[in-house]
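Here is my note on the model, as numbered points. Please read it with the structure open.

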Amino acid sequence: KPGHYMWVTRSGTSNRAYWQLESKPHTDDLDSTIETIRTLLKDTAERQLVSDVPICTMLSGGLDSSALSALAANHLRESNAGILHTFSVNYVDQDRHFQANAFQPNDDSPWIKRMSEYLGTEHHVIQFDTPELVASLRQSVYARDTPGMADIDGSLYLFCREIKKLATVSVSGEAADEIFGGYPWFYREEALKADTFPWS
């Protein structure tokens, strides 16, 4: 569980908390909240964009990656550092086989295109097929070194491997759902009370 570690011995296992996030009422008004988050994101993004190697962003078309890509594109423009390169991942025949679900309610492609055009980025689509994804599963577990979300970890591993061919540093919205509570298991009662990894 988040903030816990498991101690395993021959006599059994025990779970221990090493950190606990404290939930407190949010007292800022909407304008203050927007300004605080914008300032923190801008500062974070710009510090990651200081580099003497090629930089890009991962663009899924979602709120997190779009906001970071917008901040990065503006920063590069203002510092005369060129056009931002953005990357997205897709799967062979995704356009034919996509099915909406609670975790992914719509196809990312139209949103990626819209953001890339709006920001004026040079966009690259990396595409994989199912056999490549399956073949990557073992390597992605080794790279992550923790239980994960299988195909998502595999696609991220392959995605990063391909990005590395064109850019050395990539800024992404990874972990934004953890920070802002975007995943369904952060607010669904049955998932919160399940005695397992939440995505199981």
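1. **Leucine 49.** Setting aside residues up to four places away in sequence, leucine 49 touches Ile55, Ala72, His75 and Val171. Contact here means heavy atoms within 4.5 Å. This is a predicted model, in which local features need pLDDT of at least 70, side-chain atom pairs count only at pLDDT 80 or more, and totals for chains, interfaces and linings use all residues. Residues are numbered from 1 along each chain as its sequence is written, and side-chain values use heavy atoms, with hydrogens and water left out.

2. Which residues have the most contacts inside the largest nonpolar core? They are Leu49, Leu68 and Leu84, in a core of 14 residues. α2 and α4 each supply at least two residues of this core. The most comes from α2, with 5 residues. A second, separate core has 10 residues, including Ile126, Phe128, Ile163 and Ala167. A nonpolar core is a set of buried Ala, Val, Leu, Ile, Met, Phe, Trp, Tyr and Cys residues joined through side-chain atoms within 4.5 Å. Buried means under 20% relative accessible area, exposed over 50%, and partly exposed in between (1.4 Å probe, protein chains only). In soluble globular proteins, nonpolar side chains tend to be buried together.

3. **Helix α2.** The expected span is 1.5 Å times one less than the number of residues in the helix. The buried residues of α2 are Ser65, Ser66, Leu68, Ser69, Leu71, Ala72, Ala73, His75 and Leu76. They pack against α1, β3 (55-58), β4 (85-91), α4 (109-119) and β6 (169-171). Asparagine 80 follows α2 and has a positive phi, near 50°.

4. **Isoleucine 163 and helix α6.** Isoleucine 163 is found in α6 (residues 151-163). It counts as buried because its relative accessible area is 4%. Leaving aside neighbours within four places in sequence, isoleucine 163 is in contact with Cys56, Met58, Phe87 and Ser170. Isoleucine 163 and cysteine 56 are 107 residues apart in sequence, yet 8.6 Å apart in space, C-alpha to C-alpha. The 13 residues of α6 should span 18 Å at 1.5 Å a residue, and the end C-alpha atoms are 18 Å apart, which agrees. Asp153, Gly154, Ser155, Leu158, Phe159, Glu162 and Ile163 are buried in α6. The buried residues of α6 pack against β3, β4, β5 (122-128), α5 (130-144) and β6.

5. **Salt bridges.** How many salt bridges does the structure hold? There are 8. A salt bridge is a side-chain nitrogen of Lys or Arg within 4 Å of a carboxyl oxygen of Asp or Glu. Side chains of opposite charge can pair when their charged atoms come close. Aspartate 43 meets arginine 47 at 3.0 Å, N to O. Both lie in helix α1, 4 residues apart, about one turn of the helix. Aspartate 43 is partly exposed, at 37% relative accessibility. Aspartate 93 pairs with arginine 96 at 3.4 Å, N to O. Here aspartate 93 is partly exposed, at 31%, while arginine 96 is exposed, at 60%. Lysine 165 pairs with glutamate 162 at 3.0 Å, N to O. Lysine 165 is exposed, with a relative accessible area of 61%. Salt bridges that share partners join Arg161, Glu162 and Lys165 into one network.

6. **A surface patch.** Tyr5, Trp7, Tyr18, Trp19 and Leu21 form a nonpolar patch on the surface, with about 660 Å² of accessible area together. Patches are made of residues with over 30% relative accessible area and no salt bridge; like charges are joined within 9 Å, nonpolar side chains (Val, Leu, Ile, Met, Phe, Trp, Tyr) within 5 Å. Accessible areas come from the Shrake-Rupley method with a 1.4 Å probe; for residues, only the protein chains shown count as cover. Tryptophan 19 is in the loop between β2 (12-17) and α1 (30-48). It counts as exposed because its relative accessibility is 55%.

7. **The whole chain.** The secondary structure comes to 8 helices and 6 strands. Helices (H or I, at least four residues) and strands (E, at least two) are DSSP runs, numbered from the N terminus. Buried residues make up 26% of the 200 residues in the protein chain.
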